[in-house]
Amino acid sequence: MSKTIAVIGGTGAQGYGVVKLLLAPGPDGSPSPWKVRVLTRNPNHHRAKDLEAAGAELQQGTFMDREAVSKLFEGAYGAFVNTDTYTVGAAAETTAAFIIWEIANWHKVRHFVWSNLEYAVRTGNYNPIYSSQNHVAKGRFGAFLAAQPLPTGDEGTIWTNFTPNCYMEMLNLFLAPEIQPDGTRIFYSPMREDSAIWLVSQADMAWWARYIFDNPDKTAGKELKITSGQYTYREIAETFTKVTGIPATYRFVTMDQFFSLWNGKEIPVADEVPISQGGMTWEEHFRAWWALYRDNVLKRDMNWVREVHPNGSTLESWMRDTKYDGSLPKAVKDRLLKNNEDHIGIRRKKLSTLDEATF
């Protein structure tokens, strides 16, 4: 008999693929042991409808609504929880995470999987330059979860911290190159020559989420720091040329130069937290985000990753599989981030507007 996994964040960039793979047959073609119930603000959104067509049950509501979360968890075996910093802000997200955890325990949800990020401020000796808001909120609760003892026997809620890093698909959005008139791609970045960014594909995130629920004996009470690989920006450009045959280069820019290329950088990073009420701007947030990778604050064990998931993505395989050419998605519905699809967020200027003499 199939067991139900309740999902918060199922229509987002991470959760969408997770839901699809939880519902998919196993590698041997056997039916999935999982049913999925998805909490969504808008059941009529095309992403929600796609999940419903794949077999998911939809429930309207938000993760800030206790009654909606309680209803979501009724009778569920597991929970995959990916709350959204970019909607409610770090403070509200942290509070919501504790409430969601309490509700899951009340409903005797057996396996609680928290979509986590490193508590990077703590890792960076509490230096505020690393105060990326999603890392702050998710990392604080993840640290709390890691301190919780596992129950003995078959009763009580076990937990897993599911810790990805930058989505590889961000190369289609925030990290996309500038296309020059002659077709050459330039990857502009405030990452130094000796700095490298960890990237994880959506396919790999979905694989690891399914692995966690399929193997509680191996994943309960652990943090799984997942990734697809680590790459310098020069390696990204070189891999792009290898795959596509299109010339590409990497060009270093300062933080100030990078953020001069964006319209809307002064807007709140969280839709519901105005700057006047203590909100952080997009620029402030992403300066901290870039610093995490620039200063190599985030760590991964690639030997362990490949041992458990030997067929995971590489940058090259992802570019080939997705037919990546460095172009931004033409259709609104194909944008990676749901907020961006819904016309919330910043917009990039033409990078060519930056005076070449400033490099």
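Ala176 counts as buried, at 5% relative accessibility, in a structure that is a predicted model. The residue lies in the loop that runs between strand 7 (166–167) and strand 8 (178–179). Phe187 is 11 residues from Ala176 in sequence, and the C-alpha atoms of the two are 6.9 Å apart in space.

Helix 5 spans residues 90–106 and includes Thr94. The relative accessible area of Thr94 is 13%. Buried means under 20%, so Thr94 is buried. Leaving aside residues up to four places away in sequence, Thr94 touches Ala137 and Arg140.

Helix 3 is formed by residues 66–73, and its buried residues are Ala68, Val69, Leu72 and Phe73. These four cover an arc of only 130° around the axis, and therefore they sit on the same side of helix 3. Arg66, Glu67 and Lys71 are exposed on the other side of helix 3. The cover over the buried residues of helix 3 includes strand 1 (3–8), strand 2 (34–40), strand 3 (57–60) and strand 4 (78–81). Helix 5 is also part of what covers the buried residues of helix 3.

**Close-up of helix 2 and the glycine after it.** In helix 2, which runs over residues 46–54, Arg47, Ala48 and Leu51 are buried. Their arc around the axis is only 100°, so the three lie on the same side of helix 2. Gly55 follows helix 2 and has a positive phi, near 120°.

**Close-up of the crossing of helix 1 and helix 8.** Two packed helices are described by the angle between their axes and by the distance between those axes. Helix 1 (residues 15–23) and helix 8 (residues 202–214) have axes that come within 8 Å and cross at roughly 50°. The two helices are therefore oblique to each other. The crossing in which helix 1 passes helix 8 is right-handed.

**Close-up of the residues where helix 1 meets helix 8.** From helix 1, the residues in the contact are Gly17, Val18, Leu21 and Leu22. They meet Met205, Ala206, Trp207, Ala209, Arg210 and Phe213 in helix 8. By type, the residues of this contact between helix 1 and helix 8 comprise 8 nonpolar, 1 polar and 1 charged.

Definitions and conventions: Residues are numbered from 1 along each chain as its sequence is written. This is a predicted model: local features need pLDDT of at least 70, side-chain atom pairs count only at pLDDT 80 or more; totals for chains, interfaces and linings use all residues. Side-chain values use heavy atoms; hydrogens and water are left out. Axes are lines fitted to C-alpha atoms, for helices over the stretch in contact, and angles run from 0 to 180 degrees between N-to-C directions. Angles under 35 degrees count as roughly parallel, over 145 as roughly antiparallel, 65 to 115 as roughly perpendicular and the rest as oblique. A crossing is left-handed if the near helix is turned anticlockwise from the far one by less than a right angle, and right-handed if clockwise. Contact means heavy atoms within 4.5 Å. Ala, Val, Leu, Ile, Met, Phe, Trp, Tyr, Cys and Pro count as nonpolar, Asp, Glu, Lys and Arg as charged, and the others, Gly among them, as polar. Buried means under 20% relative accessible area, exposed over 50%, partly exposed in between (1.4 Å probe, protein chains only). The arc is that of the directions from the helix axis to the C-beta atoms.
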